[in-house]
Amino acid sequence: MEGLKRLEYRGYDSAGVAMVEDGRLTILKKQGELDVLHRALPKFTGRTGIGHTRWATCGRPSDSNAHPFISCDGKLAIVHNGIIENYTSLRERLESEGHRFTSETDTEVVVHLLESHYSGDLRQALAETVKDIEGTYAIAAVLEGSQEIAAARKENPLVVGLGVNENFLASDVTALLSYTNKVLYIMDGETLSLTPKGVAVYDQEGIEVKREPSAVTWSAEDAQKGGFEHFMLKEIFEGPNAIHNTLLGALDLIENGEVLPRIDFPSVKLVACGSSFHAAMVGKYAMEEFAGVPTTLELASEYRYSPGAREAPLVILITQSGETADTLAAAREARRRGCRTLAVTNIVGSTITREVDEVLYTRAGPEIGVAATKTFLTQLLAMYLLAIRVGYGNGTLSHDSMRSALSSLRQSSNMVQSVLNHIHDIEEASRMVDKAVHCFFIGRNINYPTMMEGALKLKEISYIHAEGFAAGELKHGPLALLDSSTPVIAVAIKGDHTYEKMLANISEVAARDSPVLGVGVEGDTDLSRLCERMVYVPPVKPVFSPIPVTVALQALSYYVAKRRNCSIDKPKNLAKSVTVE
Amino acid sequence: MKAVILAAGEGTRLRPFTVSRPKVMIPIGNRPILEYVVRAVAANGITDIILVVGYMKERIMSFFGNGSRFGVRISYAIQEKQLGTAHAALAVRDQIKEDFIMVAGDNIIDAQVISDLLKHKGSMAMLVTDSEMPSKYGVVQIESGKVMDIIEKPDKKVGNIINTGIYRFSPGIFDHLEKGVMAGKSGITHVLHSCMPRLRIEAVRSTGRWMDAVYPWDLVRLNEYAFSLSGQQTSGAIESGVTMRGPVYVGAGSRIRAGCYIEGPVSIGEGCEIGPYVTIFPTTSIGNGVHIAPFTAINNSMIMNNVSIGSHAHISRAVIDDGCRIMTGFSAPSGPAQVRVEDDFFKVEKAGSMVGEFTQIGPKVVLSAGTIVGAKSRVGAGAKVSGSLEDRSIVV
């Protein structure tokens, strides 16, 4: 269990174990957190077993789709990471041979294949099995009445831990560190047989491979950070890839109208909490710009207790984890009011996906840092995609404009990369902010919410009091708070119709002696002339500018917090997913 | 045994393709050069790898992570300032207690190369190979299997056996490197040269594949050789009426529209949209999220991520970096050319065009053979360009 716990960072929605107990195979699997499984576990006396945490890719999360899987005769059990590409044809074949399937997963074909190949040698049977498989895998298998674990690997991590009269197998060194620091890495195409006495590794031709074990000298946490100092920085740098994967999963759905096939709602309401709410605010601008549909916003914690109006809008709920208590309650309330509902979430099969009519997944991958970074970016992307879908669906966007908007979105991963390429300028700029007690973020139009999010990020991780304002509102109050010790971060994107107004607002601020950190497009000298320092983003259509600007502000907060020696990945008083109301 | 891979340098002679990534991260056959090196090392059972990183290190770290994707454990040593390979190697001094191998991260190698080196049991060895262009490398003089001298980038012809930058060393090497660096020597070869022939280094002939790109036009040649794809693997959507011959790889979420003709070896990344009616000839690699409009022909080129190419374009032996937007009627032929890099002129027999990242090219632009357009440039409609343009150039 300790090992599974250490692998939590890889993300999971269900977990299970298979133990050889008194020679008999016992299986236990549960959807949900590891603790659910832990509580359900009896005291095992067996010494041989396998376990798995699952992050759903094929088949929704449920008890039956959780690993391990057992063979028809109940004598074999396996766990698997990866994707079996030819599982449909394998499943048809196996079913015609009489095998009974109990789940929706691709993995289950493996155990039935193994059963059909098994004739006394578990590893041999596994080696035969993987020859039938196309795709990627790390597989571990156990057999009733045996102390052996057999395993195979292709393009999914697998590592053996060597102990004294005990040996271990895991997908990541982290899981093993409490037991041993002597490890043996397994290569693509190899299979192995593991018993308490020893390990034998074989190559594709079945020839035994001799390899010296390596000693691990690093801590569990370093293992996961891959050279980066903090998860947050690592996850900021994963932004371009998160965007690429989100588009890969969604572009077709949007273009072919598979998301929101009917556009029959009079208006749209966006409901969320925290950072997701700022994504929703950007969504409002995008929805009105691309689709001309009246769009309102509500905090989930307010919406659920609000009186509710007569007409039934499409309610879009945004939650990274899919478990945010207030957003879940809001989803139920929306349905009760007879609204169509759509959820935007990063977690396949999370609770919210069962509470709504439709789901659009962001594919940012697991995020460990408490401050949302790459997941927020992909939420922005989801907002644009939905707005484009509604706009094309209701005829506001021509085919040509729809294609051109999607093509701009395709460029967004490059935009982010381009900001990251100059991250050291942002690191330098963080000196302007790190000593401040108060700090203001101002922007207009679609970058007003971007600045709200920028302020939230700064307070979350650096504990500096930060507020985001619509720049036009300054003169209605906040201007009174400005002085030379209060830095102001201002965004003005050349080409935006509020650009000139923004420059005027920046002049107002500078006139109160506040040091201004400008965020603008490369080469914008009109802006840089007004600001003490600049952070640049690549040239971008104003409507999509929140994407690169957000990344720049995330990096800024990171470096400010670092200069202030804050606990960046685990800020005080905060949790990653807020499951309380 | 540990492997130290040097990956800290920029590779300035490959600009503009290194303005936002180190040379080791240039994608060849849609994989960074460094990935070939890591895989070659891993295939020989060496799973403890230290990457020395510096210039744009985050690009490397976010791609390789802790190495589990490649079945190895990767840790990082940072060379803050790029002061040469000898200085870079010293960054790992504390982590090395026994014999180790050191590999240059910026050459494409196969597993055989590392295996040749490992077969040698002594504690000091240098892997050497024949070269047609020895003047760009360290030329090695060998007597009865031992390296007698090494001359970095010789002016006159002194032989054609060169150093590949792949070594087997004992930890004792660090004292020599430190002394060398103190004496103002920047490269490992410079340090070795000053210790020759005292340091008894065995010369090991490589029988595997070792390939290098020094200048941008070399990339296309590297791309040709790096392709070792067998069979067709397509996870994208291929519409009916597409002809694909030879090894063609198409990544997830890519869409090849009707009427395309693709002759492999060709690798197309994820989330691309190609065609209808686009022809792609060998040996071409196309990155992720690339859009190619109808009636465009591409031959022997490298198109990187998120590039968009308009219709009726003709592109031959070109290298086009991330995020370029190219309008209709683009013409980029290949042919003999004189190309300037850092004030030197080179005669290149078959040169295509080389376009840096985020460059925008208007309709009906012609780039003559051997043209280099810097990153983030803008070329206006109908322009005819030749020679080398700096980054952020504007051509009207």
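## A tour of chains A and B

Start in chain B with strand S6, whose two faces are both covered: B:Phe100, B:Met102 and B:Ala104 are buried on one side, B:Ile101 and B:Val103 on the other. Buried means that 20 or more other C-beta atoms, placed from the backbone, lie within 10 Å of the residue's own; exposed means 12 or fewer, and partly exposed is in between. Strands here are DSSP runs (E, at least two residues) and helices are runs of H or I (at least four residues), numbered from the N terminus.

The model is predicted: local features need pLDDT of at least 70, side-chain atom pairs count only at pLDDT 80 or more, and totals for chains, interfaces and linings use all residues. Residues are numbered from 1 along each chain as its sequence is written, and chains are lettered from A and ligands numbered from 1 in the order in which they are written.

**Stop 1: the neighbours of S6(B)**

Select residues 100-104 of chain B. This is S6(B), with 5 of its 5 residues buried. S1(B) runs parallel to S6(B), paired over 5 bridges. Two strands pair if DSSP finds at least two bridges between them. Pick B:Ala3; its bridge partner is B:Ile101.

Pick B:Phe100 and find its partner, B:Phe169.

**Stop 2: the contact of chains A and B**

Show both chains. Chain A gives 31 residues to the contact and chain B gives 32 residues. Contact means C-beta atoms, placed from the backbone, within 7 Å. On the side of chain A, select helices H6 (220-225), H7 (231-237), H8 (239-255), H14 (399-410) and H15 (412-421); each gives two or more residues. H15(A) has the largest share, 5 residues.

**Stop 3: a sheet in chain A**

Which strands form the open sheet of chain A with parallel pairing? There are 5, in the order S16-S15-S17-S18-S19. Select the edges, S16 (295-299) and S19 (358-361); each pairs on one side only. Neighbouring strands are turned by 20° against each other on average, direction ignored. Axes are lines fitted to C-alpha atoms, for helices over the stretch in contact; angles run from 0 to 180 degrees between N-to-C directions.

Next, select S17(A) (residues 314-318) and S18(A) (residues 341-345). They pair in parallel over 4 bridges. A:Ile316 stands opposite A:Leu342.

Finish with helix H9 of chain A, residues 274-291. H9(A) lies across S15 (268-272), S16 and S17 of chain A, at about 165° to S15(A).

Terms used: Contact = placed C-beta atoms within 7 Å.
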